[in-house]
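Subject: Structure for your review

Hello,

Please find below the structure you will be working with. My notes on what was found in it follow.

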Amino acid sequence: MMMPPSQPNASSLDRRRLLQQFGGMLGAAGMMPSPLAASTAGSIAGSGPHFPAKAKRVIHLFMNGGPYQGDLFDPKPALEKYAGTKPAGADLLTERPTGGLLPSPFKFQQCGESGLPVSELLPQLSRHIDDICVINSVHADNPNHGPALLQMNNGTITPMRPSMGAWFLYGLGTENPNLPGYLVLCPGRPVRFSILWNSAFLPSQYQGTYINHSTIDPEKMLPHLSNTQWDHTTQRQQLDLLQQLNGAHVATRGNDSILKARSEAIETAYRMQFEASDAFDLNRESKQTRDAYGAGEFANGCLLARRMVERGVRFVQVYYGNGQPWDTHSGHNTTVPKLCKNIDQPIAALIADLKQRGLLDDTLIVWGGEFGRTPVSENGNGRDHNHHGFTMWMAGGGVKGGTRYGETDDFGFKAVIDKVHIHDLHATMLHLLGLDHKRLTYRHAGRDFRLTDVHGRVVHEIIS
């Protein structure tokens, strides 16, 4: 005699229904062009600092394209004397053939109690020079945008190495599980895209989350953030069921780092519903604060960066704009004042805002491009790429303010005194975060990798 098929109980039906619904939701999410689909940051796990840190978080203000140091923080009077000539020392290899020496038309003045020289193009930032350490002797390995962007962000010109933000998260984790620990704000796309904030062979939960903030409407910056189909309780039940299934999968097949990253990404996306819409809403700022930062995409990026770090985001990169706006191969002297006007007020406001909120002491601000520009002309009124010697600066986060480190030659072409390679810059940033760059390693392909490869010196002279 045949027995009737057993009937599933109510709880089994509920679980099955939840799983079917969640499967449909995952399929839809896979088709959505959302930054959250690529977000796998947000793990609060981290090995922790190797020693007491001076900085807890980093804001990287990235002038993509490469600003000319001789216009802003590294005046070179000798350019006036030898204008139009090409003496020995000004004939180093650059990306393209260049002409004679081209003086900067912009004036400098000594600013603050430190008396450091700052260009007239940055009148508001100059008031904060005593909080800034100017590094005039940075140098890199390649004069082309792609490799230079990779080296500045990933420590090497070789593709598919983890970005510095991924290394920061791998070492320290994030302070807020409700937001990604590593955010990249760019109103468009730099000339290299997600490879600049990827995690490569590090666990993928450490990669950066890209946000296009060309619009400041949170629903457009973070599309598909809210689930209009199911309430929070139902979503939580779906996630709990999915995690049970993932746990069973891991128990039978061993550790799966990709599955773990996916699981954490989904959890982060779920929690972001409750915090991200508030965090990314600049309308919650007072008119006074908005006016202090000024208008424009870079100003909005700086204000968003402050809102992120005060909520525990570990690393925020703010790209100046789409493409490579600071890449002034022609019309240099007419373009640079406009660029500087767009960054002067927002950066000054960011420093003042962080200081007023008690955040500057443990927030490291890093400013610069992937390289500098030449002191010689290109096309008569432009400047070519220059990786031999350029300027970056740091503020807050344990850095000695009101100081100037390193020098370039008389024309500003090459770093000659107290040279700081990109590896040294990264080693110093890690040190300020309490991480030893030689000990922060990850085993891959039979050897230990690190952000600084086999190089790097901590520039202790600029640390307070």
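Leaving aside residues up to four places away in sequence, Asn 386 touches Gln 69, Phe 371, Gly 372, Arg 373, Thr 374, Gly 412 and Phe 413; contact here means heavy atoms within 4.5 Å. Before the rest, some notes on the source. This is a predicted model, in which local features need pLDDT of at least 70 and side-chain atom pairs count only at pLDDT 80 or more, while totals for chains, interfaces and linings use all residues. Residues are numbered from 1 along each chain as its sequence is written, and side-chain values use heavy atoms, with hydrogens and water left out.

Asn 386

Asn 386 sits in strand β10 (residues 385-386). Helices (H or I, at least four residues) and strands (E, at least two) are DSSP runs, numbered from the N terminus. The relative accessible area of Asn 386 is 0%, so the residue is buried. Buried means under 20% relative accessible area, exposed means over 50%, and partly exposed is in between (1.4 Å probe, protein chains only).

Two backbone oxygens lie by polar atoms of the Asn 386 side chain: that of Gly 389 at 3.2 Å and that of Phe 413 at 3.0 Å. A polar contact is a pair of N or O atoms within 3.5 Å; within protein, one must be able to donate a hydrogen and the other to accept it, and residues adjacent in sequence count only if both atoms are side-chain atoms.

Salt bridges

There are 22 salt bridges in the structure, each defined as a side-chain nitrogen of Lys or Arg within 4 Å of a carboxyl oxygen of Asp or Glu.

One of them joins Asp 74 to Arg 404, with 3.2 Å between the closest N and O atoms. This pair links distant parts of the chain, 330 residues apart: Asp 74 is in the loop between α2 (69-72) and α3 (78-81), and Arg 404 is in strand β12 (residues 403-405). Asp 74 is buried at 1% relative accessibility, whereas Arg 404 is partly exposed at 38%.

Another is formed by the side chains of Glu 285 and Arg 306, at 2.7 Å from N to O. These two are 21 residues apart and also link distant parts of the chain, with Glu 285 in the loop between α8 (257-279) and α9 (287-293) and Arg 306 in helix α10 (residues 297-309). Both count as buried: Glu 285 has a relative accessible area of 12%, and Arg 306 has 0%.

Arg 443 and Asp 448 form a further salt bridge, their closest N and O atoms being 3.3 Å apart. Here Arg 443 is exposed at 55% relative accessibility, and Asp 448 is partly exposed at 41%. Elsewhere, salt bridges with shared partners join Asp 278, Asp 281, Arg 284, Glu 285, Arg 306, Arg 307, Glu 310, Arg 311, Asp 353 and Arg 357 into one network.

Helix α10 has 13 residues and spans 18 Å from its first C-alpha to its last, close to the 18 Å expected at 1.5 Å a residue. The expected span is 1.5 Å times one less than the number of residues in the helix. Twelve of the 13 residues of α10 are buried, so the helix is largely enclosed by the rest of the structure. Among the buried residues are Phe 298, Cys 302, Leu 303, Arg 306 and Arg 307.

Helix α5 (residues 164-172) is mostly covered, with nine of its nine residues buried. They include Met 164, Trp 167, Phe 168 and Tyr 170. Gly 173 follows α5 and has a positive phi, near 70°.

Ala 200 is not a glycine, yet its phi is positive, about 50°. Ala 200 lies in the loop between β5 (182-185) and β6 (209-211) and is partly exposed, at 28% relative accessible area. Asp 418, also not a glycine, has a positive phi of about 50°. Asp 418 is in the loop between β14 (415-417) and β15 (420-421) and is partly exposed at 41% relative accessibility.

Regards
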